Amino acid sequence: MTKFSFGAVSARAGAYIILLAGLMQAVLMIDARHAGAPNFSETSLTELTQALLLLICAIAMGYLRYRYRVLRSISLLMGAFFTMSLIRENDLWLDTYVFDGAWECLVALVGLPAIFATIRARHDFLEEFAQVSNSLGFGLFAGGFLTTYVFSRLYGRSELWHALMGEHYLRIVKDAAEEITELTGYSLLLFASIELLLMGRALYRARAIPAERSRVSIEGGKTGAVMATTCHPTHPTPASPGLGNSL
């Protein structure tokens, strides 16, 4: 299993905390204190940041798959998942400017081939899953997935907020709670992608070192053989003239 030092993990954890705190402060300053009224619509900072985080996650998985060439099944499936989520986040724009139901078609075009490829390479997928299942990246991914796709949906139910606010129900409060929870979940997914990318780089380097040593050993053996041949030629030495005459 790939391991990271306590100092490196602590430094990244600190960076994640700062990033998450910065996002929440930006939401407060821009969306919650929006001129006129709070804004958590499709054009709000919260919504746009969600799409940006998903885009970065998808790019990270593509980089992991094609640059480091490790965890290829895991990165393919997760990259497709992030891409489908990105499409779903932009369903309003796709339905408005492309055609109604466009996002569903795009999700199917991305998801079905990825699932089929994962099924075909299921043995590789299971081996890779065994590698990442106990990693920090997988834990963050599980937390982000549960936060975004389970908790936020339940937390954002209108019935819950009607029960909490009664006759003082405000739709914007429900929307803010749901969207901010989703943003938190997407942030965890971003942190998971970073951790898996670092894990993939470590695996790539671990595989590259033995290969490099083997190449150097082979080249060293060839060089030694050439030097031995040069110093001790195997072809016969021509006889001296005197010896030839005596024979």
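Helices (H or I, at least four residues) and strands (E, at least two) are taken as DSSP runs and numbered from the N terminus. On this basis the protein contains 10 helices and zero strands, giving the pattern α-α-α-α-α-α-α-α-α-α along the sequence. The model is a predicted one, in which local features need pLDDT of at least 70 and side-chain atom pairs count only at pLDDT 80 or more, while totals for chains, interfaces and linings use all residues. Residues are numbered from 1 along each chain as its sequence is written, and side-chain values use heavy atoms, with hydrogens and water left out.

Of the 247 residues, 33% are buried, where buried means under 20% relative accessible area, exposed over 50%, and partly exposed in between (1.4 Å probe, protein chains only). Contact here means heavy atoms within 4.5 Å. Among contacts with a separation of 6 or more, 71% join residues 24 or more positions apart.

Turning to the interior, a nonpolar core is defined as a set of buried Ala, Val, Leu, Ile, Met, Phe, Trp, Tyr and Cys residues joined through side-chain atoms within 4.5 Å. The largest such core has 33 residues, and Met61, Leu71, Met78, Phe82 and Phe141 have the most contacts inside it. Two or more residues each come from helices H1 (6–32), H2 (45–68), H3, H6 (122–132), H7 (136–155) and H9 (171–231). H9 gives the largest share, 10 residues. Another core, of five residues, lies apart from this one and includes Ile87, Ala102, Trp103 and Val107. Beyond its neighbours within four places in sequence, Met61 touches Ser75, Met78, Gly79, Phe82, Ser193 and Leu196.

Helices H3 (residues 72–89) and H5 (residues 102–120) make a helix pair whose axes come within 9 Å and cross at roughly 170°. Axes are lines fitted to C-alpha atoms, for helices over the stretch in contact, and angles run from 0 to 180 degrees between N-to-C directions. The two helices are therefore roughly antiparallel (angles over 145 degrees; under 35 is roughly parallel, 65 to 115 roughly perpendicular, and the rest oblique). On the H3 side, the contact includes Leu76, Leu77, Ala80 and Ile87, and on the H5 side Trp103, Leu106, Val107 and Val110 are among the residues involved.

A closer look at helix H7 brings us to Ser152, which counts as buried because its relative accessibility is 0%. Leaving aside neighbours within four places in sequence, Ser152 contacts Thr147, Glu178, Thr181 and Glu182. Ser152 and Ala177, 25 residues apart in sequence, are 8.2 Å apart in space, C-alpha to C-alpha.
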